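Work through the exercises below with the sequence and the model open. Each task is followed by a solution in steps.

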Amino acid sequence: MVLFSLTVREVKKLLPLLGILTLFSHCKVEQRIVGLWLVEKVQIGGQTMTPQAKWTRLDPDQSQASGNGWSQHTVGYWQYDPPSKQLSIVNTNGVKDEFGGFTLEAIDGKKMTWSREEDGEPVQVFLRKTNKIPQAASDKLLGVWRPRTGDPAAAREGAPYIFLRWDRVIVSRQKDEKRQYGTYRTHGHRNELQVIYYEEPLRREIWNYAFDAEENLILERMEDGEKIMMRYERIDYIPQ
């Protein structure tokens, strides 16, 4: 039983309307893409490798920027091709992405999923829309720290006052001794602090870091088979 039928003339009349609806649908997808997105999870093959506080901002003028925490490190532009569902993100201040764009698997008002293949492995990126740039754990390291008052371990180890500056310079001072200067970096996937002091010879330290419920800084590392743990509290001045 035929429920309805259209003549050729009627079909021709509907074609412009269908084209407008298709264009409108594509525009809606692009509008949903626009915004600030937090990378919640990255799956490569059977492994989950999620960078800390990774974010991407896709602007209405098709410019884009991305970073980790408070550090923005790439800028460029983005393009979306509706027929192929290909989302291309091009960085103009970095290395060209040899794997190309992503397939936009799913998107709604708050979630988005990308996929592609890298070196024969399937990759999925899960993103969530947010309204502010996230703070990474490493961002909380910035500032001046002193051994926590009354901490016997800190006193016993002769812990220095440390100043972790925004320009990746570390300044530390043992009590009643001269200041030491060095550089530091943090790991992109775990809470690890690497420090190199400008001494002769150069002194390198690698610490795991964490924060307790009161936002005190805890540093841990192994030395000669023994675990060293230091606790610091934040202060708003540089000790003289």
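The model is predicted, with residues numbered from 1 along each chain as its sequence is written, and local features need pLDDT of at least 70, side-chain atom pairs pLDDT 80 or more, while totals for chains, interfaces and linings use all residues. Side-chain values use heavy atoms, leaving out hydrogens and water.

**Exercise 1. Describe the largest pocket: its volume, its central residues and the strands that line it.**

Step 1. On a 1 Å grid over the protein atoms alone, a pocket is an open set of points with protein on both sides within 12 Å along at least five of seven lines, whereas a cavity is a set where a 1.4 Å probe fits but cannot get out; lining residues have an atom within 4 Å of a point. Points are joined across faces, edges and corners, and the volume is the space filled by probe spheres set on them.

Step 2. The largest pocket holds about 610 Å³ of space. Its lining has 25 residues, and those closest to the centre are Lys54, Asp97, Phe102, Trp114 and Arg116.

Step 3. Strands are DSSP runs of E of at least two residues, numbered from the N terminus. At least two lining residues come from each of S1 (35-44), S3 (54-58), S4 (63-68), S5 (71-81), S6 (86-91), S8 (111-118) and S9 (121-130).

Step 4. Sort the lining by residue class (nonpolar: Ala, Val, Leu, Ile, Met, Phe, Trp, Tyr, Cys and Pro; charged: Asp, Glu, Lys and Arg; polar: the others, Gly among them). The lining contains twelve nonpolar, nine polar and four charged residues.

**Exercise 2. How many salt bridges are there, and which residues are linked in a network?**

Step 1. Apply the rule: a side-chain nitrogen of Lys or Arg within 4 Å of a carboxyl oxygen of Asp or Glu. The count is 14 salt bridges.

Step 2. Take Arg57 and Asp59, whose closest N and O atoms are 3.3 Å apart in a salt bridge. For accessibility, buried means under 20% relative accessible area, exposed over 50% and partly exposed in between (1.4 Å probe, protein chains only). Asp59 is buried at 17%, and Arg57 is partly exposed at 28%.

Step 3. Arg203 and Glu205 form a salt bridge with closest N and O atoms 2.4 Å apart. Here Glu205 is buried at 10%, while Arg203 is partly exposed at 26%.

Step 4. Between Arg221 and Glu223 the corresponding N and O distance is 2.6 Å. Arg221 is buried at 16%, and Glu223 is partly exposed at 34%.

Step 5. Salt bridges link Glu199, Arg203, Glu205, Arg221 and Glu223 into a network.

**Exercise 3. Which parts of the chain do the aromatic pairs Phe102 with Trp114 and Trp145 with Phe211 tie together?**

Step 1. Rings of Phe, Tyr and Trp (its six-membered ring) pair if their centres lie within 6.5 Å; planes under 30 degrees apart are stacked, over 60 edge-to-face and the rest tilted. The structure holds three aromatic pairs.

Step 2. Phe102 and Trp114 form a tilted pair, with 5.0 Å between centres and 40 degrees between planes. Phe102 is in strand S7 (residues 102-107) and Trp114 in S8, so the pair ties together parts twelve residues apart in sequence. Both Phe102 and Trp114 are buried.

Step 3. Trp145 and Phe211 are also a tilted pair, at 6.2 Å centre to centre and 45 degrees between the planes. Trp145 belongs to strand S10 (residues 143-147) and Phe211 to strand S15 (residues 203-211), so this pair ties together parts 66 residues apart in sequence. Trp145 is buried, at 0% relative accessibility.

Step 4. Trp145, Tyr209 and Phe211 are linked by ring pairs into a cluster.

Step 5. Check for charges over rings (NZ of Lys or CZ of Arg within 6 Å of the ring centre and within 35 degrees of the ring normal). Lys140 lies over the face of Phe211, 4.5 Å from the ring centre. The charged end of Lys41 sits over the ring of Phe126, 4.9 Å from its centre.

Definitions and conventions. Helices (H or I, at least four residues) and strands (E, at least two) are DSSP runs, numbered from the N terminus.
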